[in-house]
There are 4 protein chains.
Amino acid sequence: MARLTLPVHLRWGDLDAYGHVNNAAMLTLLEEVRIEAFWRHPDADAPQHPTAVLDAGPGADLATLVARQEVEYLAPLGYSRSGVTVEMWIGRLGGASIDVCYEVRNGSTVCARAATTVVLVDAATGQPTRLGEAERAAWEPYVEAPITFRHR
Amino acid sequence: MARLTLPVHLRWGDLDAYGHVNNAAMLTLLEEVRIEAFWRHPDADAPQHPTAVLDAGPGADLATLVARQEVEYLAPLGYSRSGVTVEMWIGRLGGASIDVCYEVRNGSTVCARAATTVVLVDAATGQPTRLGEAERAAWEPYVEAPITFRHR
Amino acid sequence: MARLTLPVHLRWGDLDAYGHVNNAAMLTLLEEVRIEAFWRHPDADAPQHPTAVLDAGPGADLATLVARQEVEYLAPLGYSRSGVTVEMWIGRLGGASIDVCYEVRNGSTVCARAATTVVLVDAATGQPTRLGEAERAAWEPYVEAPITFRHR
Amino acid sequence: MARLTLPVHLRWGDLDAYGHVNNAAMLTLLEEVRIEAFWRHPDADAPQHPTAVLDAGPGADLATLVARQEVEYLAPLGYSRSGVTVEMWIGRLGGASIDVCYEVRNGSTVCARAATTVVLVDAATGQPTRLGEAERAAWEPYVEAPITFRHR
């Protein structure tokens, strides 16, 4: 019954010629906060979220695959160098996958709502791998009802 | 009752460190085929699809906003310099918006299925704008049943 | 006779399929630190560098054009979520342009050395515009000898 | 004493909020034409350039590293869906590296001039590897005087 709130750092290059964060760049932002929240930080001394327990970076035994993604773009997100945050929670904690839910906020405006299904796989074989006890324990406090999309 | 089939050109930079087209880069590919299919080509002499009737590029009176997007990633798409195609159709032809549906194929493998809701807006005000007769006439032949996602 | 040292935040998407920050993504990182260092922060209350005096973001009267860029990639930069910094200084303070010099460091390893010529232009006409007194005063303390490239 | 001329396909996402191909995206375009020109096409049946003899893609024994890059941006490159071409030649054919030279043209306008030093390395060890006879034979016809930059 808790959410993670992470600041997200826009880049000038995330904007397209319309002057807004491009629809694909939005997914890159979600990927960044997802990695920040769930992958173990390669630098052991760095501060990290209690949820950052997954060894899925370069050279790790596990990898994460995105199986599904859904995004509602509710308000254009213009250039900003502070004040953009992502609120995240887990909408479903499955056997070998999780559904991550997000609200992207620029100040008090919700710019986007999204959900990503992430599957844990063996890096060598690509086969789905069950979540371990450590992941389950770290992630259960952040399970909430999945996001409800307005336009389906 | 027709679909458009467009080749899509992968870039080396679309791959991430896992060696597959990144989940966000997939949306960039869809954006490219959507623009190729629906925006009027700025070079009047260039060959273009009969559906390319929309003036929505830089400096135009209209712009297109992505309101919603849904993607199922069915098979990792590795590096390929030919053979990737996108099959597109219109799942809903609304008053000021359309739902574009896609299947991304690498040879005979369907790598992704997706749908995008695109809203037509006035470039100056950002207000939704109704589709004109020319757009309606050009696009109606490509209306089919909307894509059915497997995992919702 | 001073340099600015800015942390730079890598993204997973900056890596290419070789597992290193891609050569083009390196320029995006330099662009980010350059904007952080020289553009006035749109949020007036945010902490900013004393050099961040330029109004060149969306909607501003001025814009910045990159006229020239030179990069030496000295060591591959792998995935890292902390410890990457850019040391910056001004190698030439011209009438309407500056040469920005950089060393990109991962811990104590210099991964890249680079220089960018940035021209100040009028956003409406694209014509070069002379640096004002405020820019000159803010930037002069950071003028040092230009970078010397090893392989020319 | 010959040059290769390759069309280059801009993407909408190559533009930044100034409405021009971003300075970093320009390097992505150069990377694409370089790969098209020099890497052996993974699909053996596809038409390819006589210079495309290098096995450097995913899973190959060789890899290519960019050691150095220099770009002059001579004219902003706006949105275009045809007519952009890159003229390429080899400015230096070294023991384990080559200097690739480019002119990026939009119609008759030269938008950018650039040079890239590419080093051939062993994919497993990262150590420089000498060019083989096949590469040398395929590339020698395209050796010309290196590009002369105007502003150094």
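Colleague: What makes helix 1 of chain A mostly covered?
Modeller: In helix 1 of chain A, 16 of its 16 residues are buried. A residue is called buried if 20 or more other C-beta atoms, placed from the backbone, lie within 10 Å of its own; it is exposed at 12 or fewer and partly exposed in between. This is a predicted model, in which local features need pLDDT of at least 70 and side-chain atom pairs count only at pLDDT 80 or more, while totals for chains, interfaces and linings use all residues. Residues are numbered from 1 along each chain as its sequence is written, and chains are lettered from A and ligands numbered from 1 in the order in which they are written.

Colleague: How much of chain A as a whole is buried?
Modeller: Buried residues make up 46% of its 152 residues.

Colleague: What span does helix 1 of chain A reach, and what is expected?
Modeller: Helix 1, residues 23-38, reaches 23 Å from its first C-alpha to its last, close to the expected 22 Å. The expected span is 1.5 Å times one less than the number of residues, and helix 1 has 16.

Colleague: Which elements does chain A have?
Modeller: Chain A has 2 helices and 5 strands, in the order β-α-β-β-β-β-α from the N terminus. Helices (H or I, at least four residues) and strands (E, at least two) are DSSP runs, numbered from the N terminus.

Colleague: Why is chain A called as compact as a globular protein of that length?
Modeller: Its radius of gyration is 16 Å, close to the 15 Å from the globule rule for 152 residues, so the description holds. The radius is taken over C-alpha atoms, and the rule is 2.2 Å times the number of residues to the power 0.38.

Colleague: How many residues of chain A are in contact with chain C?
Modeller: 21 residues of chain A are in contact with 21 of chain C, where contact means C-beta atoms, placed from the backbone, within 7 Å.

Colleague: Which strand of chain B is joined to strand 2 of chain A?
Modeller: Strand 2 of chain B, residues 62-73, is joined to strand 2 of chain A by 5 bridges, and the two run antiparallel. Strands pair if DSSP finds at least two bridges between them. In this pairing E72(A) stands opposite R68(B).

Notes. Contact = placed C-beta atoms within 7 Å.
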